[in-house]
Amino acid sequence: MADNKVKVKIYGQEYTIAGERDEETIREIAAYVDSKMKEVAQLSTQYGLGSVPVLAAINIADDYFQNRTDVTGLKDKVSQLERDCDNYLRMWEEAKKSFIQYKDGASKYSAELDALEKRIKELEAKCNEYENSYFDSQVENLKLKTQIEKLQRGDY
């Protein structure tokens, strides 16, 4: 990639900066250095003009180290989030397997329930049959008692 050459002004002096970055990025970097130098110059009037670049460089280095620490912290957070995500994915897969097992079990129990309900209906029908037969037997028994009583009294 060709070097871009960009003329910039830093702390009142013009420089030609060459780099692989695009022109806009080079201008942003130069503006950042310029703002740091102006900031240092305003805050430290007791130092000479020669100290401004060194103090600005120290401030820029401080920013760099702080950003590096922040990036390290963010990388740690990303790693933790990736581990959490993997854990949640495993939990999700286990939940899906459990759901399938419960669904299969529910289908099995549903079929068993249907068979039991059918058996209950058959038994209820049989009970109704027995009840009817019992009722018929009682009616027949009552008729027979009545006939026996008539025979015993001599009322044929």
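Biologist: In which hand does H1 pass H2 in the crossing?

Modeller: The model is a predicted one. Helix H1 covers residues 23-43 and helix H2 covers residues 51-153. The crossing in which H1 passes H2 is right-handed.

Biologist: At what angle do helix H1 and helix H2 pack, and how far apart are their axes?

Modeller: Two packed helices are described by the angle between their axes and by the distance between the axes. For H1 and H2 the angle is about 120 degrees, and the axes are 8 Å apart.

Biologist: Which residues make the contact of H1 with H2, and how many of them are nonpolar, polar and charged?

Modeller: H1 contributes Tyr32, Val33, Lys36, Met37, Val40 and Ala41. From H2 come Val52, Pro53, Leu55, Ala56, Asn59, Ile60 and Asp63.

Biologist: In which sense do strand S1 and strand S2 pair, and over how many bridges?

Modeller: Strand S1 spans residues 4-10, and strand S2 spans residues 13-19. The two form a hairpin with two residues between them. Their pairing is antiparallel, over seven bridges.

Biologist: Where is Tyr11 found, and what is its phi?

Modeller: Tyr11 belongs to the loop between S1 and S2. Its phi is positive, although the residue is other than glycine. The value is near 50 degrees.

Biologist: Why does Tyr11 count as partly exposed?

Modeller: A residue is buried under 20% relative accessible area and exposed over 50%, with partly exposed in between. Tyr11 falls into that middle class because its relative accessibility is 29%.

Biologist: Which residues form the aromatic pair, and how are their rings arranged?

Modeller: The count comes to one aromatic pair. Tyr64 and Phe65 form this pair, with 5.4 Å from centre to centre and 80 degrees between the planes. Planes over 60 degrees apart count as edge-to-face, so the arrangement of Tyr64 and Phe65 is edge-to-face.

Biologist: What is the relative accessibility of Tyr64 and of Phe65?

Modeller: Tyr64 counts as partly exposed, and Phe65 likewise counts as partly exposed. The value is 46% for Tyr64 and 41% for Phe65.

Definitions and conventions:
Residues numbered from 1 in each chain as written. Predicted model: local features only at pLDDT ≥ 70, side-chain atom pairs only at ≥ 80, totals over all residues. Heavy atoms only, no water. Pairing = 2+ DSSP bridges. Helix = DSSP H or I, 4+ residues; strand = E, 2+ residues; numbered from the N terminus. Phe/Tyr/Trp six-rings, centres within 6.5 Å; stacked < 30°, edge-to-face > 60°. Buried < 20%, exposed > 50% of the residue type's maximum accessible area, 1.4 Å probe, protein only. Axes fitted to C-alpha atoms, helices over the stretch in contact; angles between N-to-C directions. Left-handed = near helix turned anticlockwise from the far one by under 90°. Contact = heavy atoms within 4.5 Å.
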